[in-house]
Amino acid sequence: MFFFFFNDTATTEIYTLSLHDALPIFLSEGESAFEVQGTLIAGQNILFTSDDPSPGSWKGLTITGSANLIDVAIEYARQGVLAKAGSMVAINGCTLRNNLVGIHAYGGRPIILNKIGRASCRERV
């Protein structure tokens, strides 16, 4: 099973989205982003990727709410994780590969609880 998104995708402020069990999530090339306004709980080998395997082909995860990312892989994004002002982001054992920027804290304060595996980005954190 997998999910494929063609445009921006967002969780609203009052909802929690939980993703588990090695689920690939494909976002279309261009201006697609996975925006978290509510709460995202993602773990156990969730893969956020693009339908175009080239660095910067989708916006990445934009967090304005809260996110708990455990053993998640993010690839081919402009910014793997963008933590905006007021956001709460916990990153634990994630893999960031082939992104233009790994983690961008734009007023947010992401907490990295464990090492980031294979961070192959033009800019890391």
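This report describes the strands, core and selected residues of one predicted protein model.

**Basis and confidence**

The model is predicted, so local features need pLDDT of at least 70 and side-chain atom pairs count only at pLDDT 80 or more, while totals for chains, interfaces and linings use all residues. Residues are numbered from 1 along each chain as its sequence is written, and side-chain values use heavy atoms, with hydrogens and water left out.

The pLDDT score is the predictor's confidence in each residue, from 0 to 100. Its mean over the chain is 80, and 79% of the residues reach 70 or more. Over residues 1–7 the score stays under 50. For that stretch the model has 23 contacts beyond four places in sequence, a contact being heavy atoms within 4.5 Å.

**The parallel sheet**

Strands (E, at least two residues) are DSSP runs, numbered from the N terminus. Two of them pair if DSSP finds at least two bridges between them. Strands of a sheet pair through backbone hydrogen bonds, either parallel or antiparallel.

Five strands form an open sheet here, in the order E3-E6-E9-E12-E14, and the pairing is parallel. Strand E3 (16–19) and strand E14 (111–112) are the edge strands, each pairing on one side only.

| Parallel strands | Bridges | Residue pair |
|---|---|---|
| E3 and E6 | four bridges | leucine 19 and alanine 42 |
| E6 and E9 | five bridges | alanine 42 and leucine 69 |
| E9 and E12 | five bridges | isoleucine 70 and asparagine 92 |

**The nonpolar core**

A nonpolar core is a set of buried Ala, Val, Leu, Ile, Met, Phe, Trp, Tyr and Cys residues joined through side-chain atoms within 4.5 Å. Buried means under 20% relative accessible area, exposed means over 50%, and partly exposed is in between (1.4 Å probe, protein chains only).

The largest such core has 26 residues. Those with the most contacts inside it are Leu40, Phe48, Trp58, Leu61, Leu69, Ile74 and Val81. At least two residues of this core come from each of strand E4 (24–27), E5, strand E6 (39–43), strand E8 (60–63), E9, E11, strand E12 (88–92) and E13.

**Around strand E5**

Valine 36 is found in strand E5, which covers residues 33–36. This valine 36 is buried, with a relative accessible area of 0%. Valine 36 and alanine 67 are 31 residues apart in sequence, yet 7.5 Å apart in space from C-alpha to C-alpha.

Rings of Phe, Tyr and Trp (its six-membered ring) count as a pair if their centres lie within 6.5 Å; planes under 30 degrees apart are stacked, those over 60 are edge-to-face and the rest are tilted. By this rule there is one aromatic pair. Phenylalanine 34 and phenylalanine 48 form it edge-to-face, at 5.3 Å centre to centre and 65° between the planes. The pair links distant parts of the chain, with phenylalanine 34 in strand E5 and phenylalanine 48 in strand E7 (residues 47–50), 14 residues apart. Phenylalanine 34 is buried at 2% relative accessible area, and phenylalanine 48 is buried at 0%.

Threonine 62 lies in strand E8 and is buried, with a relative accessible area of 10%. Leaving aside residues up to four places away in sequence, threonine 62 touches Ala33, Phe34, Glu35, Val36, Leu82 and Lys84.

A salt bridge is a side-chain nitrogen of Lys or Arg within 4 Å of a carboxyl oxygen of Asp or Glu. The structure holds one salt bridge. It joins the side chains of arginine 97 and glutamate 75, at 2.7 Å from N to O. Arginine 97 is in strand E13 (residues 95–106) and glutamate 75 in strand E10, 22 residues apart. Both arginine 97 and glutamate 75 are buried.

Aspartate 71 lies in the loop between strand E9 (66–70) and strand E10 (73–75). It has a positive phi of about 55° although it is not a glycine. At 33% relative accessibility, aspartate 71 counts as partly exposed.

Tyrosine 76 is found in the loop between E10 and strand E11 (79–84). Its phi is near 65°, a positive value in a residue other than glycine. Tyrosine 76 is buried, with a relative accessible area of 16%.
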